[in-house]
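User: I would like to learn how to read helices, salt bridges and interfaces in a model. Can you take me through one?

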Amino acid sequence: MPARAPRSLRTAGAVAGLAIAGLLAGCTAASGDGDQQSLTYAIEGANLSAGHMDPHSSQLDVSALVQRAVLDSLVAQDLDGSFQPWLAESWTISPDELQYEFTLREDVTFHDGEPFNADAVVANFEHVTAPETASAQAASMIGYSADGGSFLGAEAVDEFTVRFDFSKPYAPFLQALSTSQLGFYSPAVLDGKADELKTGGPGISVGTGPFVLSEYTPDQELVYTANPDYDWAPANAEHSGASDLDELVVRILPEPSVRAGALTSGEVQVAGNVTPSTVGSIGDGTTVNSVELPGLPYSLYLNQNNGVFADVKVRQAFQLGFDPQDAVDGIFFGQYPRAWSILGPTTPDSYDSSLEQRPSVDIDRANALLDEAGWTERDAEGYRTKDGERLSARWIAYTPIPDDRASLADVIQSDLKGIGFEIVREALEPAAYNEQYGPKTFDITDWGFSGVDADLLRSHLATDGFQNASGVSDPAIDTLLEDAVATSDPAERAALYTELQQWNAENVAIVPLYVPSMITAFSDSVTGLAFDLYGRPLFYGVQVQGS
Amino acid sequence: MRPDPPKRATPGAPVRWLLGRLGGLLLVVWGAATAGFLALTLIPGDPVEVMLGVQAQVSEQLKAQIRADWGLDDPPIARYLQYLGRLATGDLGESYQLRQPVSSVIGQQLPATLQLTALALAFALVLATIATLAARGRRSTRIVSLVELTAVSSPTFWTGLVLIAVFVFQVGWFPIAETGSLRALVLPALTLALPVAGVISQVLRQGLDAASARPFATTAIARGIGGGRLLLRHTLRHAAADSVTLVGYLVGTLIGGAVLVETVFARPGLGRVTLRAIIDRDLPVVLGIILLAAVTFALINLVVDVLYRWIDPRLRTGSVAT
Amino acid sequence: MTVPLGRTRLRPLRAGLAGAIAASAFLLVLVVAAVAPALLTGADPIQTQVLQALRAPSIEHPFGTDQTGRDVFARVVYGTRYSLAIGVLATTIAMTAGLLVGTLAGLAPRVIDGAISRVIEVLMSFPEFLLALLVIAILGPGPVSLVIAISLAAVPVYARVARVQTFTVRRSGYVRAALILGVPKWRSVLRHVVPNTLGPLLVMATIGFGTAIASAAGLSFLGLGPQPPTPGWGLILSEGRNFLGTAWWIAVFPGLVVTVTVISASVLGRFLRARGEGTAA
């Protein structure tokens with residue numbers, strides 16, 4: 001037996017020799033050819049590879065964020081909220097607001113050479129509304145619902161004219177059209193490779209955009225190259241023609257500290273999804289752009305169809321039982337404001353600032369409510385019980401859970417223990433999460449949902465809303481949501497949304513926690529970087545100096 | 001009647017030996033493939049849904065294709081044979097979540113991990129040599145052995161975090177996320193190298209200790225290259241480490257460590273793919289990685305055995321214990 | 001992650017004794033922390049105090065505070081219970097299963113022994129950590145899978161040693177003598193083989209315990225173990241990874257404790273082995 005020892009060492013040597021050869025071969029891929037303009041953008045990118053490359057079907061921000069480079073829209077929304085021509089030259093809305101007719105540009109082609117025309121538009125809308133697509137957001141953004149929404153369909157009037165029909169007025173339509181969720185894929189892809197869109201990749205994620213997806217390594221990077229034929233920029237763009245950037249590399253770096261570090265050391269020129277805890281560590285020579293997101297703040301959804309939250313008193317006690325103010329200020333270093341309502345203050349024509357006057361934390365009141373609800377006994381661990389059952393709620397969250405959110409959850413859990421309310425947390429991989437989310441067998445779950453139009457509340461509060469995690473089912477609320485979406489007068493809409501926000505403050509279906517900002521930091525070598533209303537960088541028109 | 005000549009004299013023996021070893025290699029790979037297949041069969045739930053993972057909503061057409069690919073409607077034995085047959089032709093199947101062949105999913109990531117492990121191995125050898133040379137006196141031996149113990153005992157990911165905290169954030173010598181640059185490879189490779197260096201150095205030192213008991217060895221080592229060969233050929237035999245365990249340990253630390261190191265340093269590579277495949281339950285990819293690990297290990301063992309026989313003729317008796 | 005490296009007898013037993021005593025003392029402190037954490041710290045490991053967040057180590061907070069103001073020292077102390085429990089549980093399961101499988105193989109007819117040995121070899125061809133990862137891939141993440149994964153991954157090592165020991169003991173003079181004297185086979189197994197095998201296995205288990213704790217920390221770090229706010233060491237460590245630039249102490253101290261635990265287990269195990277050999281030889 002002892003005689004066999006030397007073998008190991010020889011192996012080590014042999015493997016090392018082999019491996020070093022491989023190393024030398026593999027390390028030559030450094031950049032450096034002359035005046036190629038290349039920009040690297042670091043994003044968190046979590047779950048992009050888990051079937052979220054298609055904004056038509058995905059509800060994740062990241063999907064819309066990366067595919068904006070490839071997918072153009074009919075119209076563009078300016079920072080002032082107005083709409084500008086893009087792939088549509090002009091449009092008309094019928095007086096009854098039931099018909100939208102768009103005249104398309106005639107010079108647009110997809111990356112694969114297919115022409116962009118009314119048929120292509122119709123094919124894309126058919127893809128969004130097809131049951132196989134199982135669209136989690138895009139379909140609802142245009143007011144489509146399998147069992148009777150507002151959206152009836154798209155129709156090609158002639159080669160370059162397309163008409164959309166609605167059964168009732170649908171105010172957020174133009175806004176929806178301006179997003180990459182309703183961008184256009186080549187009809188050839190929709191025809192043959194529709195079920196590969198969620199996985200995405202070169203030859204699949206094919207649009208008309210200023211960049212062509214040329215390489216995709218899941219969980220690592222997406223490489224886009226400039227589309228040399230591009231000549232159909234939105235009317236509000238400063239730039240025209242093909243992009244000055246020859247190459248746009250989107251690097252997936254899940255760790256916030258790594259994204260910040262990579263920007264500081266110059267490895268990337270733009271760092272996205274910068275977190276409040278790392279923004280301070282970003283070095284000089286950079287600019288930080290922070291856009292407070294419109295839409296639904298990061299919130300907790302209390303499932304009233306399951307367990308203890310069926311009782312509104314328990315939901316109210318839950319909300320009053322912890323102090324979000326100090327927690328949010330501390331954990332987010334004062335970068336994100338605490339949320340008072342289920343709409344962020346920057347959501348147009350809807351925010352109810354009167355909610356900021358409401359008391360937030362009130363331990364005595366919370367305790368009284370729980371007593372009233374019958375949770376009067378205490379068990380050995382100090383938790384309240386009723387009929388021998390512990391006052392306990394199970395909070396499911398999908399991974400990866402950002403550290404700051406985990407910290408916030410720690411605080412909430414720790415505070416609620418003080419009123420005898422147990423919170424059990426489960427971090428679930430996306431697949432396992434979906435298994436529980438479907439049948440709604442949880443008590444609490446969490447997310448934020450950005451959107452420029454307050455109508456996003458419909459998907460969260462309407463009885464059949466696809467993000468209705470709270471299990472709200474109230475005909476009055478459904479009517480309110482329907483009325484709001486059919487109203488185009490800003491003041492009237494604001495009044496309706498105020499009513500909804502106040503209803504939630506009383507009924508506590510959703511507990512808003514903080515209003516996140518999209519923080520992007522970029523090197524001073526980058527010029528011409530624009531941002532959309534969601535704070536997402538737009539790389540068309542960007543130039544990089546001395547790269 | 002004269003006795004048969006000793007076996008070692010027959011010219012066919014090495015060939016037979018090699019064939020035997022190759023058979024053993026196949027056995028290991030077959031075992032791994034079977035274990036993987038069993039796991040896949042025993043996993044609860046509809047295998048189609050499991051394999052699709054998070055991407056649950058796909059066309060019936062794709063689901064039918066998966067059923068056909070894996071012969072899910074056939075009896076288990078038929079399915080098993082079919083599966084082995086496909087493996088034999090080098091077909092690892094397809095990741096339905098990524099919609100890519102498993103071989104290309106793994107192939108894309110392999111270079112990054114190879115670079116990392118190669119440099120780690122190089123570092124480990126250098127560090128181990130330094131440690132061995134440093135351990136001369138009694139006191140220095142004690143210090144070196146403590147350092148080795150620490151290196152071997154520290155969790156890889158923690159070492160990585162400490163190195164990042166010191167060399168990236170405090171001193172700023174290294175970038176944090178640059179891929180494809182040698183400079184960014186240094187810290188991850190060092191992290192991976194430390195425990196391996198500790199083990200190699202322990203083995204080396206034990207060999208040296210045993211050797212230093214003999215006067216001829218001491219003088220030989222002092223002369224340099226000859227000493228190294230002497231060390232390899234004569235002295236390490238006295239170290240009791242079982243080479244299979246050691247090789248297994250080295251490969252294991254490197255592959256297992258790569259999962260952690262790649263996560264800590266946010267590097268692309270096989271480790272990250274493995275982790276993602278596990279989290280998303282991308283079973284075809286998991287199976288592919290199991291097979292890759294088994295083949296790697298078996299091959300390395302084979303190469304070691306062949307080299308060893310080549311270097312030490314006395315072992316060419318055809319009766320080396322396995 | 002320690003590898004059994006055979007007979008290490010580099011210095012006299014006395015020098016090893018000092019190390020073994022220090023190691024035992026540290027492990028004893030861990031046991032105290034696991035059984036009665038309140039003896040070691042007055043701070044609450046779960047209660048958050050946001051206003052105290054990210055304080056550097058001081059007399060009040062020896063390991064500093066984390067991002068929600070919890071005392072890192074208290075979290076490490078209270079986390080001992082989880083980490084130790086996982087280590088002990090996984091090692092016990094692995095050793096018991098290994099003893100069973102190995103002894104059976106050692107006593108069984110050649111064909112069965114051959115089959116078992118092949119399986120052990122195949123399993124040993126996988127790095128322990130990777131094997132644990134794969135088990136989790138099949139079982140799904142969580143504390144129970146974690147224990148199963150770590151123990152399953154370690155079984156082959158124990159089984160191999162148990163098999164070799166059984167072989168040796170079975171062929172030894174006194175067992176043969178007992179058989180000739182008419183002692184039933186199962187009795188000689190119980191009387192001689194198992195106790196003789198148990199000794200070396202226990203020594204291995206001491207080292208294996210350290211390995212198990214390190215593996216558990218690694219898997220928890222990857223997010224495959226217990227969920228927050230359970231203060232397991234691996235979890236605390238992973239919570240600290242994004243504060244390396246601003247608050248290094250959150251990640252560094254728990255890792256230090258893991259390392260010292262592994263070293264202690266290893267030192268103690270080696271000492272026991274050296275002693276065992278000393279008396280047996």
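Analyst: We go through the model feature by feature, with the rule before the case. This is a predicted model, so local features need pLDDT of at least 70 and side-chain atom pairs count only at pLDDT 80 or more, while totals for chains, interfaces and linings use all residues. Residues are numbered from 1 along each chain as its sequence is written, chains are lettered from A and ligands numbered from 1 in the order in which they are written, and side-chain values use heavy atoms, with hydrogens and water left out.

User: What is the secondary structure of chain C?

Analyst: Start with the rule. Helices (H or I, at least four residues) and strands (E, at least two) are DSSP runs, numbered from the N terminus. Chain C has 9 helices and 0 strands. Its C-alpha trace spans about 75 × 45 × 30 Å along the principal axes. Of its 281 residues, 56% are buried. Buried means under 20% relative accessible area, exposed over 50%, partly exposed in between (1.4 Å probe, protein chains only). Contact means heavy atoms within 4.5 Å. Among the contacts in chain C with a separation of 6 or more, 73% join residues 24 or more positions apart.

User: What span should helix α5 of chain B have, and what are its ends apart?

Analyst: The expected span is 1.5 Å times one less than the number of residues. Helix α5 of chain B covers residues 102-134, 33 residues in all, so it should span 48 Å; the end C-alpha atoms are 46 Å apart, which agrees.

User: Where does α5(B) bend?

Analyst: The bend at a residue is the angle between axes fitted to the seven residues ending there and the seven starting there. α5(B) bends by about 40° at B:L110. A proline, B:P111, follows within four residues.

User: How many residues does helix α7 of chain B have?

Analyst: It has 15 residues, 156-170. From first C-alpha to last, α7 of chain B reaches 20 Å, close to the 21 Å expected. A kink of about 25° is centred on B:I164. B:I164 is also one of the buried residues of α7(B), which include B:F157, B:W158 and B:L161. After α7(B) comes B:G172, with a positive phi near 75°.

User: Which residue pairs with C:D113 in a salt bridge?

Analyst: C:R163, with the closest N and O atoms 2.7 Å apart. C:D113 sits in helix α3 (residues 110-124) and C:R163 in helix α5 (residues 143-171) of chain C, 50 residues apart. C:D113 is buried at 7% relative accessibility. C:R163 is buried too, with a relative accessible area of 19%.

User: How large is the area buried between chain A and chain C?

Analyst: The size of an interface is often given as the accessible area lost when the parts come together. Buried area is that loss (1.4 Å probe), summed over both parts. Here the area is about 1600 Å², and carbon and sulfur atoms give 50% of it. On chain A's side, A:D403, A:D410 and A:S414 supply 28% of the area buried against chain C, more than any other three residues. The contact takes 19 residues from chain A and 18 residues from chain C.

User: How many salt bridges are there between chain A and chain C?

Analyst: The count is 2. In one salt bridge, A:D410 pairs with C:R70, the closest N and O atoms being 2.7 Å apart. The largest share of the side of chain A that touches chain C, 7 residues, comes from α12(A). A:D410 and C:R70 also belong to a network of salt bridges with A:R425, C:D66, C:R75 and C:E239.

User: Is C:T41 buried or exposed?

Analyst: C:T41 counts as buried, at 10% relative accessibility. Its place is in the loop between α1 (13-35) and α2 (72-107) of chain C. Leaving out residues up to four places away in sequence, C:T41 touches C:D71, C:F73, C:A74, C:V77 and C:Y78.

Methods
A salt bridge is a side-chain nitrogen of Lys or Arg within 4 Å of a carboxyl oxygen of Asp or Glu. Buried area is the accessible area (1.4 Å probe) that two parts lose on being put together, summed over both.
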